[in-house]
Amino acid sequence: MILPKKPPHGISNFESLILENYAFVDKTSFIEQLENETSKYHFLIRPRKFGKSLFLSMLYHYYDCCRADAFEKLFGELYIGKNPTPKRNSYFVMNFSFAGIDTTSQKSFEISFTE
């Protein structure tokens with residue numbers, strides 16, 4: 001019996017989204033497009049709640065060499081899993097999140113950022 005996909009409200013972790021049967025619109029073809037861009041830097045500007053964090057999580061799981069063993073499980077059924085690029089799982093990726101930083105004042109920002 002195939003279970004219906006759950007709506008991914010508030011999910012920004014690509015691995016959780018795929019492994020826990022959440023609905024996902026396959027945007028992995030954009031990985032290939034990003035690699036073919038001639039621009040050295042990319043600026044991802046979208047309104048709030050448009051999937052920027054999820055997209056970055058997808059890039060993390062695609063490019064991080066420490067995640068190579070999970071590639072088939074995460075990307076196997078998606079476009080990029082069937083059409084991988086040479087740069088797949090070839091970088092050590094550092095993942096930073098600034099979501100918990102207090103920005104109510106400059107002082108609280110400095111303390112929160114330092115901690």
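Analyst: Here is a walk through that region, starting with the helix pair.

This is a predicted model, in which local features need pLDDT of at least 70, side-chain atom pairs count only at pLDDT 80 or more, and totals for chains, interfaces and linings use all residues. Residues are numbered from 1 along each chain as its sequence is written, and side-chain values use heavy atoms, with hydrogens and water left out.

Helices are DSSP runs (H or I, at least four residues), numbered from the N terminus. Helix H2 covers residues 29-36 and helix H3 residues 52-63. Their axes come within 11 Å and cross at roughly 75 degrees. Axes here are lines fitted to C-alpha atoms over the stretch in contact, with angles from 0 to 180 degrees between N-to-C directions. H2 and H3 are therefore roughly perpendicular to each other, a label for angles of 65 to 115 degrees. H2 contributes Phe30, Ile31, Leu34 and Glu35 to the contact. H3 contributes Phe55, Met58, Leu59, Tyr62 and Tyr63. Contact means heavy atoms within 4.5 Å. By class, eight of these residues are nonpolar, none polar and one charged. Nonpolar covers Ala, Val, Leu, Ile, Met, Phe, Trp, Tyr, Cys and Pro; charged covers Asp, Glu, Lys and Arg; the others, Gly among them, are polar.

Next, the cysteines. A disulfide is a pair of cysteine sulfur atoms within 2.5 Å. By this rule the count is zero. The sulfur of cysteine 65 lies 4.4 Å from the closest cysteine sulfur, in cysteine 66, too far for a bond. Cysteine 65 is partly exposed, at 26% relative accessible area. Buried means under 20%, exposed over 50%, and partly exposed in between (1.4 Å probe, protein chains only).

Now the charged pairing. The whole structure holds one salt bridge, meaning a side-chain nitrogen of Lys or Arg within 4 Å of a carboxyl oxygen of Asp or Glu. Arginine 67 and glutamate 15 form a salt bridge through their side chains, at 2.7 Å from N to O. The pair links distant parts of the chain, 52 residues apart. Arginine 67 sits in the loop between H3 and helix H4 (71-75), and glutamate 15 in helix H1 (residues 14-19). Arginine 67 is buried at 17% relative accessibility. Glutamate 15 is partly exposed at 25%.

Asparagine 89 ties into this area. Asparagine 89 lies in the loop between helix H5 (79-82) and helix H6 (106-114). Asparagine 89 is buried, at 11%. Leaving out residues up to four places away in sequence, asparagine 89 touches His61, Tyr62, Tyr63, Asp64, Cys65, Arg67, Ala68 and Phe71.

Key
Helix = DSSP H or I, 4+ residues; strand = E, 2+ residues; numbered from the N terminus. Parallel < 35°, antiparallel > 145°, perpendicular 65-115°, else oblique.
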